[in-house]
Amino acid sequence: MNFKSTIGLEVHFELKTKSKIFSPSPVTYGAEQNTETNVIDWAMPGTLPMVNKNVYRLGIMVAIATHAHILPTTHFDRKNYFYPDNPKAYQITQFFQPLARDGYIEVEVRGKKKRIGIHEMHIEEDAGKNTHGTNGFSYVDLNRQGVPLLEVVSEPDMEDPEEAYAYLEKLRKIVQFTGASDVKMEEGSMRVDTNISIRPAGQKELGTKVEMKNLNSFDHVRRSLAYEEKRQEQVLLAGGHIQLSTRRFDEATGKTVLERVKEGASDYRYFPEPDIAPDHISQEWIDQIAKELPKSPFDRYDDYVNKFGLKPYDANVLLQTKESSDFFDAAVAAGADPTLAANWMNTQVNGYLNDHRVSLNDIKLTPEHLAEMIKLIKDGTISSKIAKKVFAETIANGTDPKKYVEDNGMVQLSDTSVLAPMVKKVVDDNPQSVEDFKNGKDRAIGFLVGQIMKQTRGKANPKMVNKLLNQELQSR
Amino acid sequence: MNYLNENIDSLNKKLASGDLSADKLAQDTVANIKDTDKKLNAWITVVDDAKPAENLDFSKSKLAGIPIAIKDNIITNGIKTTAASHMLYNYMPMYDATVVSKLKKAGATFVGKTNMDEFAMGSSTEHSYYGATHNPWNLDKVPGGSSGGSAAAVAGGQVVAALGSDTGGSIRQPAAFNGIFGIKPTYGRVSRWGLIAFGSSLDQIGVMTKRVKDSAEVLNVIAGADEHDSTVSTREVPDFTKFIGQDVKGLRVAVPKEYMEAVDGKMREVIQKQIDALKDAGAIINEVSLPHTKYVVPDYYIIASSEASSNLQRYDGIRYGYRAEDTKNLLDVYVKSRSEGFGAEVKRRIMLGSFALSAGSYDRFFRQAAKVRTLICDDFDKIFAENDVIVGPTTTEPAFGIGEEVSDPIKMYNNDILTISANLAGIPAASVPAGLVDGMPVGLQIMAKRFDEGNVFKTADFIERSNKFYEKTPTGMED
Amino acid sequence: MEITKDTIKHVATLSRLAFNEEELDKFTDQMGSIINMADQLSEVDTEGVEETVQVVDRDTVFREDKPEHWQGQNRETLMANVPEKANGYIKVPVIINKDEDE
């Protein structure tokens with residue numbers, strides 16, 4: 001029997017704001033426990049939520065980037081449940097009137113293009129953090145309580161794990177390039193829950209869903225879905241039933257493990273949040289945000305390959321993160337040759353970042369300095385050998401390349417009136433080389449170039465020296 | 001020092017002239033509360049060493065140096081705030097409600113927190129962890145509720161003004177039972193930041209005073225936009241005292257027949273007298289109908305209880321408040337702390353609210369109630385298209401005896417039928433003393449359209465001048 | 001509408017409240033009459049009527065995204081009321097399962 005899979009994904013993004021969604025407490029990563037909190041985060045009696053405008057702005061950016069329809073009026077709702085990291089015992093979310101509905105993104109799997117629907121996306125608050133002790137107690141830190149989240153709920157449009165993987169990659173890239181989220185799974189700024197059901201081919205009615213929560217990499221998503229497909233198939237073939245349940249992926253064994261069986265839907269007693277007035281999202285505001293929206297990775301790719309003539313591979317490396325693409329764009333805007341800038345970015349700059357385990361935001365190199373250095377190479381002021389020295393200094397200490405080159409006398413020697421006498425002298429001093437040259441030994445030139453370089457401490461323009469030497473030797 | 005024959009103007013004059021010092025006023029007020037509260041039990045917390053604010057300017061602020069009572073569901077930084085619940089018996093806040101900050105700025109003196117029904121759920125102040133409050137007119141009767149402590153404190157001469165809160169009549173009903181004035185402003189007129197939530201879409205902080213003008217003075221201070229409460233209106237706040245002393249000629253007064261039919265003959269007579277006085281002074285009286293009146297009690301109890309069931313979930317024994325002992329696990333902490341920390345009436349409302357919101361009930365109860373609420377609002381809109389105010393009785397009967405109704409929740413809920421519409425519609429409403437029935441005060445309720453507290457004050461002030469009820473002294477306070 | 005003891009038990013679980021058998025009987029009775037009182041609303045024709053969940057005269061006014069620590073609110077003052085704490089954390093009995101009984 002053949003089976004068909006139906007996969008849906010719920011992805012949470014932490015939105016990149018300076019303060020929390022309903023309180024002005026700072027949003028920071030890794031602060032000391034319970035220090036980034038106030039009476040709102042603690043759900044002290046009498047407190048009320050105050051909505052952060054930027055949360056809407058970032059959410060709307062993602063909605064625009066995924067072609068979703070933004071609702072003219074949104075309203076928050078309460079989802080009621082007790083848990084120590086949920087101090088109000090309700091989460092403020094959007095249940096009845098979410099931020100946006102009916103979006104889509106396009107993916108390409110095995111050469112086939114497919115449109116995957118986004119059912120809806122809504123904004124909500126994150127919960128605090130529980131740390132489970134071994135002594136029978138848990139410890140609650142409310143720093144994360146109230147960090148803004150955007151939940152993007154796909155349609156169950158994916159039919160195999162590869163499509164789910166492609167959807168996640170594409171969604172991450174889109175969101176990353178809006179600048180709305182850091183999209184780092186390892187830091188929890190992107191979290192993925194999946195659900196999968198299978199049914200015999202030809203059957204219309206969907207099978208029973210199994211959910212998997214908190215998968216910590218795209219690879220785990222793909223592997224856990226693939227495992228589930230097989231497992232559910234075997235259960236059904238053996239005449240068994242799939243239970244409505246939540247399972248967990250065990251990365252050590254590559255298997256999924258039953259966490260709990262759901263008996264009916266949880267009763268969260270959703271109702272409209274009475275403490276927040278409705279939010280009317282005007283078309284003017286949406287238009288304004290659309291204007292501020294950073295260029296999408298797809299438009300950038302187009303520019304890189306078709307306008308700048310970069311190789312597709314280089315374009316893709318630059319587009320791996322928004323930071324590197326922004327850096328490159330800024331360098332080009334500052335006058336850098338695009339091909340040289342891409343080469344430097346993808347080899348020297350990336351190499352430095354990997355060696356030092358830092359990100360572009362942490363280093364002292366600016367796009368302007370990179371552009372300046374590339375200009376110096378292009379106009380022959382410095383050799384590429386010197387350029388490496390200049391680069392090392394600039395990236396480590398933020399030194400201005402032009403000033404550094406001038407201060408350290410690194411300007412390349414290209415002046416024939418200076419070089420010609422030197423060439424003449426070196427040929428005069430090495431008659432053997434002339435012999436060798438005449439006998440067709442190319443090595444001879446290399447030796448003479450080396451002599452000139454030695455005398456000029458590497459500053460002589462090697463192309464120029466070669467040319468002059470050839471002329472001189474042929475004239476003898 | 002008691003306030004039976006004082007008002008804010010008279011006190012301000014004495015303070016400004018130096019005949020009375022703010023320090024002495026604070027001390028004497030506390031001493032009198034301690035003395036008279038043996039009878040009333042109107043207070044949960046009294047600030048023994050209450051001191052006036054510094055740098056008082058009696059010419060700039062009428063409230064400078066004036067002791068004001070605060071209902072114990074309003075958060076006061078550094079003064080225990082319990083909402084009359086065992087659940088918060090030890091809760092010490094670390095911030096101030098917006099109304100408290102505003103009163104502090106105006107130089108008011110804080111002498112303590114008044115008794116109430118637990119979490120403001122009740123109409124008799126019998127549902128308090130700290131015991132029932134007694135009515136100053138007859139100590140065997142309830143003062144009403146839930147702001148019964150604030151009402152009794154004002155009527156008994158312990159303070160000149162008190163803050164209350166009103167979710168379904170919790171200011172107006174006790175005002176009526178105690179022969180004082182009490183106003184619930186428009187929803188969104190006063191910030192709820194720091195008001196311990198009961199029914200968030202209905203709750204509103206208001207003022208209780210003996211004299212109408214004094215409430216206008218206090219409301220002037222506490223009203224207005226607040227960045228902490230996104231449901232507060234940003235409209236300009238008028239000077240409410242300018243509505244005092246005006247005449248009512250041409251005022252269009254609607255009298256709902258459903259309200260007049262809800263009371264017995266004796267009470268109707270007292271209320272009719274007030275309406276006649278308005279008519280004699282040139283007001284135009286129109287009999288009108290509020291056809292959905294019979295549905296307001298169920299509508300209100302579904303909405304208020306649903307919101308309350310969610311609002312009260314934060315009381316879980318984890319971060320503050322009562323924590324049960326002998327707990328085996330987390331679920332135990334929740335269930336035992338909540339079951340032991342909440343009183344019976346609070347549990348009833350939580351249960352009703354959780355039920356109304358639960359899967360399978362939501363459409364039939366909560367959603368239906370939200371729709372009926374629209375019809376109730378429409379009834380008022382129609383009347384206010386042709387009338388300036390609505391008047392009628394505040395309550396269906398005068399104060400009942402302590403212990404008489406506490407065991408019959410439905411009877412108790414039905415008592416609120418005349419006051420809760422104003423909360424559902426978010427309109428301003430007040431109760432002004434109308435007279436006595438069998439020796440107990442009854443109130444005339446005055447409602448107006450949203451943000452038209454002005455006409456409420458104007459009408460109430462006229463009634464006060466016409467019946468001079470304030471000249472009477474509560475019979476229970478005579479030795 | 002009939003309210004059974006099981007309904008009351010379910011709602012009590014959702015509300016994290018416990019009642020003994022005697023209370024439960026009394027409550028089932030009481031809640032039954034309260035719910036039936038509330039159910040009078042079913043007789044109102046609300047076809048096509050909008051819901052009113054708030055009576056506000058404005059949209060939410062947004063807060064600008066400016067982080068701040070509020071005066072007088074630090075970990076020590078905020079934790080002053082916590083019944084059990086350790087090391088700047090709120091201490092709770094271990095959490096077994098998020099939806100223990102749902």
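Which residues does Ser170(B) touch, not counting residues up to four places away in sequence? Select Ser170(B) and you'll find Lys71(B), Ala120(B), Gly122(B), Gly145(B), Ser146(B), Ser147(B) and Ser165(B); touching, or contact, means heavy atoms within 4.5 Å.

Some ground rules before we move on. You're looking at a predicted model, where local features need pLDDT of at least 70 and side-chain atom pairs count only at pLDDT 80 or more, while totals for chains, interfaces and linings use all residues. Residues are numbered from 1 along each chain as its sequence is written, chains are lettered from A and ligands numbered from 1 in the order in which they are written, and side-chain values use heavy atoms, with hydrogens and water left out.

**Stop 1: the annotated trio**

Together with Ser170(B), they carry the "active site" annotation in an unreviewed UniProt entry; positions are in the numbering used here, feature names are shortened, and annotations may be inferred rather than shown by experiment. They are spread over 100 residues of sequence, yet they cluster in space, with a largest C-alpha distance of 11.1 Å.

Stay on Ser170(B): it sits in the loop between β4 (161-166) and α5 (172-178) of chain B. (Helices are DSSP runs of H or I, at least four residues, and strands are runs of E, at least two, numbered from the N terminus.) Ser170(B) counts as buried because its relative accessibility is 5%; buried means under 20% relative accessible area, exposed over 50%, and partly exposed in between, using a 1.4 Å probe and protein chains only.

Now hop to Ser146(B), in the loop between β3 (109-114) and α4 (148-155) of chain B. Ser146(B) is buried too, at 0%. Among the residues it touches are Lys71(B), Asn115(B), Asp117(B) and Ser170(B).

**Stop 2: where chain C meets chain B**

Colour the two chains differently. Here 58 residues of chain C are in contact with 71 residues of chain B. The two chains bury about 5400 Å² between them, 66% of it on carbon and sulfur atoms; that's the accessible area (1.4 Å probe) that two parts lose on being put together, summed over both. Pick out Leu41(C), Val55(C) and Asn81(C): they supply 13% of the area that chain C buries against chain B, more than any other three residues.

Last, show Lys294(B) and Glu43(C). They form a salt bridge, with the closest N and O atoms 3.4 Å apart; the rule wants a side-chain nitrogen of Lys or Arg within 4 Å of a carboxyl oxygen of Asp or Glu. Across this interface, the rule finds four salt bridges.
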